[in-house]
Amino acid sequence: MGDHSHGGPDQPGTVAKAQEGELDKIQDPGLPPHRARLTDTDPRAAKRAERHVAILFAISIIGTVLFFVGYFAVGHTESIAELRLQNTLLGLGTGFAMLGIGVGIVHWARTLMPDHEIAESRHAVRTEEDRKDAEAIVNTIIDESGIQRRPLIRNTLIGALALAPLPGVFILRDLDLTKESAGQIVDRLRHTMWDKGVRLTRDPSGTPIKASDVQIGSAFHVIPEGLMEAEDWLNQKAKAVVLLMRLNPEDLNISEGREDWHHNGIVAYSKICTHVGCPVALYEQHTHHLLCPCHQSTFDLTQECKVIFGPAAHALPQLPITVDDEGFLVAQSDFHEPVGPGYWERG
Ligand code: FES
């Protein structure tokens, strides 16, 4: 064993070693004297603190109600403003529901629960006696918490605790696949608005794109023509957004069967990251890489958007394109594979 002390006795940070027997001479300092709080001595202050705790629990209840207003009453149209309101209500409601309970309990403990310290000596385990001791301790805790003497706190706490888990239950309920068969869900996610002859248009203006508008090195954010007229255009857009770029055709490594999926080096790929669905929005023109800003998955355009870095497991799906009689870029078909993350059944 080496010597673990550091430096000399006069150097800062040095800890002097206790001599043998010296440790026995250290006195037990005991507990510091208890300082009474205002709420211990003034019944009006205690009443005030009790009201504050109850208000915090009531805030939690209001938060849960806000969540349900957002969940049931708002956001059932495709209006962006309404969806924003719904997200705000869901977020604020959940936040207030949790925060109200948390801050309320801390405030209760700091102002009203007994704060004297107790030293409990340990002893050998005695099953029956220990069970009785534990029972007595629980009863003491209930008694000292004052929950029986303070009905205002008790009732608001029960209300807050009963309601707070419900948002989680309703959110999990949305994962219930029995409402819709797994096949229907896959089908809904599998198909997009792209089809034979659908023009590629700029996002968000919706103006069609001519092949001659796309220069080497340029990139376009693209949506299918007619998207904004669709009834559920937001859901459709979430699946159909595409990135369009033009490379020198010699830089493209094209696999068998995809030879005619590009037009003079103009290629179109799904913008939905195959990791967890963020929009892949960064195009590095010099390296021909597409980068997902969420977790840095990187896709190589020259290799049909194969993943070359990051957590994504699949290449970005390619949209086969061509031009129509007027020179506008159009899709040849829908994607040949599902877009987006691979955690649902892709088959
Ligand atoms: S969502 Fe794109 S890397 Fe995670």
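Where is N264 found?

**View 1. The loop that holds N264.** In this predicted model, N264 is found in the loop between strand β3, which covers 242-246, and strand β4, which covers 266-270. The backbone of N264 has a positive phi of about 50 degrees, although N264 is not a glycine.

**View 2. The two stretches annotated as transmembrane regions.** An unreviewed UniProt entry places the feature "transmembrane region" at residues 53-74 and at residues 89-109. In the model, residues 53-74 are 95% helix and 0% strand, and the C-alpha atoms at the two ends of this stretch are 31 Å apart. Residues 89-109 are 100% helix and 0% strand, with the end C-alpha atoms 30 Å apart.

**View 3. Helix α2 beside helix α3.** Two packed helices are described by the angle between their axes and the distance between the axes. Here the axes of α2 and helix α3, the latter spanning residues 80-111, come within 7 Å and cross at roughly 160 degrees. Because angles over 145 degrees count as roughly antiparallel, α2 and α3 are therefore roughly antiparallel to each other. The crossing of α2 and α3 is left-handed, and the residues of their contact divide into 17 nonpolar, twelve polar and no charged.

**View 4. Helix α2 beside helix α5.** Helix α2, made of residues 43-73, and helix α5, made of residues 151-163, have axes that come within 8 Å and cross at roughly 20 degrees. That angle makes α2 roughly parallel to α5, since angles under 35 degrees count as roughly parallel. The crossing of α2 and α5 is left-handed. On the α2 side the contact is formed by E50, R51, V53, A54, F57, S60, I61 and T64, which meet L152, I153, T156, L157, G159, A160 and L163 in α5. Sorted by class, the contact of α2 with α5 has nine nonpolar, four polar and two charged residues.

**View 5. Helix α2 beside helix α6.** Helix α6, which covers residues 166-173, packs with α2 at an angle of about 20 degrees, and the axes of these helices are 10 Å apart. This angle makes α2 roughly parallel to α6. The crossing of α2 and α6 is left-handed. Where the helices meet, T64, F67, F68, Y71 and F72 belong to α2, while L166, P167, F170, I171 and R173 belong to α6. By class, this contact of α2 with α6 has eight nonpolar, one polar and one charged residues.

**View 6. Helix α4 and the glycine after it.** Helix α4 runs over residues 127-145 and has 19 residues. From its first C-alpha to its last, α4 reaches 27 Å, which is close to the 27 Å expected at 1.5 Å a residue. Just after α4 comes G146, whose phi is positive, at about 75 degrees.

View 7. D203 and P204 are joined by a cis peptide bond, for which omega is about 10 degrees. P204 has its place in the loop between β1, at 200-202, and β2, at 219-224.

**View 8. Y283 and the residues that touch it.** Y283 is found in strand β5, which consists of residues 282-284. Although Y283 and S218 are 65 residues apart along the chain, their C-alpha atoms are separated by 9.1 Å. When residues up to four places away in sequence are not counted, Y283 touches G217, S218, A219, M245, L247, H288, H289, L290 and L301.

Key: Residues numbered from 1 in each chain as written. Predicted model: local features only at pLDDT ≥ 70, side-chain atom pairs only at ≥ 80, totals over all residues. Heavy atoms only, no water. UniProt positions renumbered as here; feature names shortened; annotations may be inferred. Helix = DSSP H or I, 4+ residues; strand = E, 2+ residues; numbered from the N terminus. Axes fitted to C-alpha atoms, helices over the stretch in contact; angles between N-to-C directions. Parallel < 35°, antiparallel > 145°, perpendicular 65-115°, else oblique. Left-handed = near helix turned anticlockwise from the far one by under 90°. Contact = heavy atoms within 4.5 Å. Nonpolar A, V, L, I, M, F, W, Y, C, P; charged D, E, K, R; others polar. Expected span 1.5 Å × (residues − 1).
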